[in-house]
Amino acid sequence: MNGILVVLVGALLCFYGIRSVHLGLLAIGFGLGWLIADLFDASFWWLLLAALIGAVSVWAVTSLVFRFASYFIGGLTGVMIGTKLATVLQPGDKNVALSMIVALAVGVSGAFLAQKFRARALLWLTSIGGASMICSGAALFSDSLSFLRDPEPGWQQVTATLAWVGLSILGWITQRHLFAEKLGIQHLVGDDDGPDMKDRNGGWPTK
């Protein structure tokens, strides 16, 4: 049951994240809070509390500064991705300081990309971030899948990385086809005579 909740939030972000600003923000905040707390090996209830605080905080702060929301959304999703990346790249005991540096670096990159490329960057960021949550949630299903959360060096590390990459690509493909009109991908919409969609942004902030 614990893992199902995390997987559902991750799936929402991975396969539906670009569709709704508010749902995306809540999922991003939830995932960010969960993954950061997970670095400290917190219990499930502390993980859940951190995730809920993250969801509400991200939604509230970003709503107040919506004009600059692209920076926040891209940056926070980047931090979530960086946190998962640090976990995958550090089998066994984690160096929290190094993990924070990686998370911050990816977060800054995510903020820059989101501001520059808008919905196209957010499409990738939500897909990758959601996939990281799916992997973390699936790891709670059974001990045999725990390597998806905290892999050991060798085949576990490789398999966890491939699963994350595969889910990210699947999420990107799914969102790209489901929300082609919002993303301004005309050849997937199938209406050559329709309005110019190059400035569409899926409802996400454009400034």
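Biologist: In what order do the elements of the chain run from the N terminus on?

Modeller: This is a predicted model, in which local features need pLDDT of at least 70 and side-chain atom pairs count only at pLDDT 80 or more, whereas totals for chains, interfaces and linings use all residues. Residues are numbered from 1 along each chain as its sequence is written, and side-chain values use heavy atoms, with hydrogens and water left out. Helices (DSSP runs of H or I, at least four residues) and strands (E, at least two) are numbered from the N terminus. The chain has nine helices and zero strands, and its order is α-α-α-α-α-α-α-α-α.

Biologist: What share of the residues of the chain counts as buried?

Modeller: A residue is called buried under 20% relative accessible area, exposed over 50% and partly exposed in between, using a 1.4 Å probe and protein chains only. Of the 207 residues of the chain, the buried share is 45%.

Biologist: How many residues of helix 2 are buried, and how far apart are its end C-alpha atoms?

Modeller: Helix 2 is mostly covered, with 14 of its 18 residues buried. The expected span of a helix is 1.5 Å times one less than its number of residues, so helix 2 (residues 21-38) should span 26 Å. That agrees with the separation of its end C-alpha atoms, and the two values asked for are thus 14 buried residues and 25 Å.

Biologist: Which residues does the UniProt annotation "transmembrane region" cover?

Modeller: The annotation comes from an unreviewed UniProt entry; its positions are given in the numbering used here, feature names are shortened, and annotations may be inferred rather than shown by experiment. In the model, residues 44-61 are 100% helix and 0% strand, with end C-alpha atoms 25 Å apart, while residues 121-142 are 82% helix and 0% strand, with end C-alpha atoms 34 Å apart. According to the record, the annotation covers residues 44-61, 68-90, 96-114, 121-142 and 154-173.

Biologist: How are helix 5 and helix 6 placed relative to each other, by angle?

Modeller: Axes are lines fitted to C-alpha atoms, for helices over the stretch in contact, and angles run from 0 to 180 degrees between N-to-C directions. Helix 5 (residues 96-117) and helix 6 (residues 119-138) pack at about 140 degrees, with their axes 6 Å apart. Angles under 35 degrees count as roughly parallel, over 145 as roughly antiparallel, 65 to 115 as roughly perpendicular and the rest as oblique, and the pair is therefore oblique.

Biologist: Which residues are in contact with Gly82, leaving aside its neighbours within four places in sequence?

Modeller: Gly82 belongs to helix 4 (residues 69-89) and is buried at 0% relative accessibility. Its C-alpha atom is 8.7 Å from that of Ile101, 19 residues away in sequence. The contacts of Gly82 are Val102, Ala103 and Val106.

Biologist: Is Leu145 buried or partly exposed?

Modeller: Leu145 sits in the loop between helix 6 and helix 7, where it is in contact with Ala138 and Ala139, its neighbours within four places in sequence being left aside. At 28% relative accessibility, Leu145 counts as partly exposed.

How values were computed: Contact = heavy atoms within 4.5 Å.
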